[in-house]
Amino acid sequence: MVSSASAIRPGAIVTIAALLMVAATFVPLGYIVSTLVSTGWHETAQLVFRPRVAELLRNTAELVVLTVPICVALGIGLAWIVERTDVPGAAWWGPIFAAPLAVPAFVNSYGWVSAIPSLHGLWAGVLVSTVSYFPLVYLPAAATLRRLDPAVEESARALGSGPVAVFARIVLPQLRLAILGGGLLISLHLLAEYGAFAMIRFDTFTTAIFQQYQSSFAGAAGSTLSGVLVVLCLVLLAGEATVRGRARYARIGGGAQRGANRIRLGLTKIPMFALLTAALAATLGVPLWTIGRWLKIGGSAVWNTTDIGVSLGQTIGLAATAAVITTLCAFPVAWVAVRSTSRFARIIEGANYITSSLPGIVIALALVTVSIRWLPALYQTAATILAAYTLMFLPRALVSVRAGLAQVPVGLEEASQALGKSPAATFFRVTLRLTAPAAAAAAAMAFVAVATELTATLLLAPNGTNTLAMQFWQLSGELDYAAAAPYALIMIIVSVPVTYLLFTQSRKAAGL
């Protein structure tokens, strides 16, 4: 009922709530701009145009330029093998290659450094980043491959095109959105990641900002680096939007209501299976083997149930609270985005995505500065860290809540109000019930994101707070890898359910 969608427009309360969220999302950008302005153009230019910044820019650029194409090639290659060939165990490989998302990047770094102590530098960063982030391309590519109309490919083969030509001319162009979207997410993760690169001693803007923060709190050098990092994030967002353009790939008509016929590998089945096994060993085998090895070395002594229990309890408490707050904050923004087609609605929705692309360390520094200067009572309190989590992970919740609201028949809401129910009663009795599954998925994704977050937590956690990620980082930093192993294992276990949720959602998106 598109025509009646305008009947249930966002009210004043919803609009004000959405505007407050937008205002909050601009706090980090405002912090950077105000800091640079107060520093002055001359000093800012001196801090920007210096060898150290050039080195960090080169490191970051090389990391992105090398890692993203490798992740794209690996993600698409694995997706094609799993979805389009008769490789043994195809049904199992799908969730297996989504599972690396359950392993935080800094845990992957811990696993590889433990296995190869000399591992450091650029190529170590590329390795750890690839095994951590390639599923961000694999999942959308696999979903796209499942829903492509096989009749188009069959027609191309009937006209004499070989398998390589069909893939290059028919399939690959239709994977463009998956490639661009996945590549953007990977690039933003690379700009924001701290723990993984600090452990392998590879300097990026995020590691340098953290070092500046530790040496001189809120110093001009750290703020300048944050400004450069923000510019890089915005350049990536603008670049992806420009390259993507208005491209859309959809079926005209019903298409062939079946999946594509799987290609028979024949003698190449063994090397293909070996390739999948090698990818599994690199992405999951190394970190899990390392954790198991350190647990065996440490024995029962590393299972300090008191400390682990406290860290687990604090992690669950923070993650659960942040998940609820983030999901609730997503509702007014999603409501405006779904129920209004104005430019105002697009601005409100887009502002949240821009801010969430900023590294956690920039958001944390902004909130630290704001709390110290204007709200000292909130400095190093749970409220500040929960605000950071909400700003960082709101878009993850927004995607699910927006999809859930879009599927609510407006006619049911209109019928409820026609029967005399107030808009608030209609929301709780009709809208909220129908969007409950999407809201639950949003809360679950936010929960795991908070449970494994490191950088902002290190800067903002109140005194006495030791989450699983913090405790793992402290022990691994002291080279007590055995004691850190239980915390790594528990973080992975906590992340597995949401990783499986992402995999099942991608299959639903493909109509399976």
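User: Which residues make the nonpolar surface patch, and what area does the patch have?

Analyst: Patches are built from residues with over 30% relative accessible area and no salt bridge; like charges are joined within 9 Å, and nonpolar side chains (Val, Leu, Ile, Met, Phe, Trp, Tyr) within 5 Å. Accessible areas come from the Shrake-Rupley method with a 1.4 Å probe, and for residues only the protein chains shown count as cover. Here Trp374, Leu375 and Leu378 make a nonpolar patch of about 330 Å². Keep in mind that this is a predicted model, where local features need pLDDT of at least 70, side-chain atom pairs count only at pLDDT 80 or more, and totals for chains, interfaces and linings use all residues. Residues are numbered from 1 along each chain as its sequence is written, and side-chain values use heavy atoms, leaving out hydrogens and water.

User: Where does leucine 378 lie, and is leucine 378 buried or partly exposed?

Analyst: Helices (H or I, at least four residues) and strands (E, at least two) are DSSP runs numbered from the N terminus. Leucine 378 sits in the loop between helix H18 (360–373) and helix H19 (382–406). As for exposure, buried means under 20% relative accessible area, exposed means over 50%, and partly exposed is in between (1.4 Å probe, protein chains only). Leucine 378 is partly exposed, because its relative accessibility is 35%.

User: How many disulfides does the whole structure have?

Analyst: A disulfide is a covalent bond between the sulfur atoms of two cysteines. The test looks for a pair of cysteine sulfur atoms within 2.5 Å, and a search of the whole structure finds zero. For cysteine 71, the closest cysteine sulfur is in cysteine 233, 17 Å away, so the two are too far apart for a bond. Cysteine 71 is buried at 0% relative accessible area, and cysteine 233 is buried at 0% too.

User: What does the largest nonpolar core look like, and which residues have the most contacts inside it?

Analyst: A nonpolar core is a set of buried Ala, Val, Leu, Ile, Met, Phe, Trp, Tyr and Cys residues joined through side-chain atoms within 4.5 Å. The largest one has 120 residues, and Phe97, Val107, Tyr110, Tyr138 and Phe472 have the most contacts inside it. Helix H4 (residues 51–84) gives the most to this core, with twelve residues. Another core lies apart from it, with 21 residues, among them Ala18, Val22, Trp335 and Val336. Valine 336, in helix H16 (residues 305–339), is 318 residues from alanine 18 in sequence, yet their C-alpha atoms are 7.5 Å apart in space.

User: How many salt bridges are there?

Analyst: A salt bridge is a side-chain nitrogen of Lys or Arg within 4 Å of a carboxyl oxygen of Asp or Glu. By this rule there are four. One of them joins aspartate 203 and arginine 52, whose closest N and O atoms are 3.4 Å apart. This pair links distant parts of the chain: aspartate 203 is in the loop between helix H12 (195–199) and helix H13 (205–215), while arginine 52 is in helix H4, 151 residues apart.

User: Which side chain meets aspartate 86 in a salt bridge?

Analyst: That partner is lysine 269, at 3.5 Å from N to O. Aspartate 86 lies in the loop between H4 and helix H5 (90–98), and lysine 269 in helix H15 (residues 269–298), so the pair ties together parts 183 residues apart in sequence. Finally, salt bridges that share partners join Arg52, Glu55 and Asp203 into one network.
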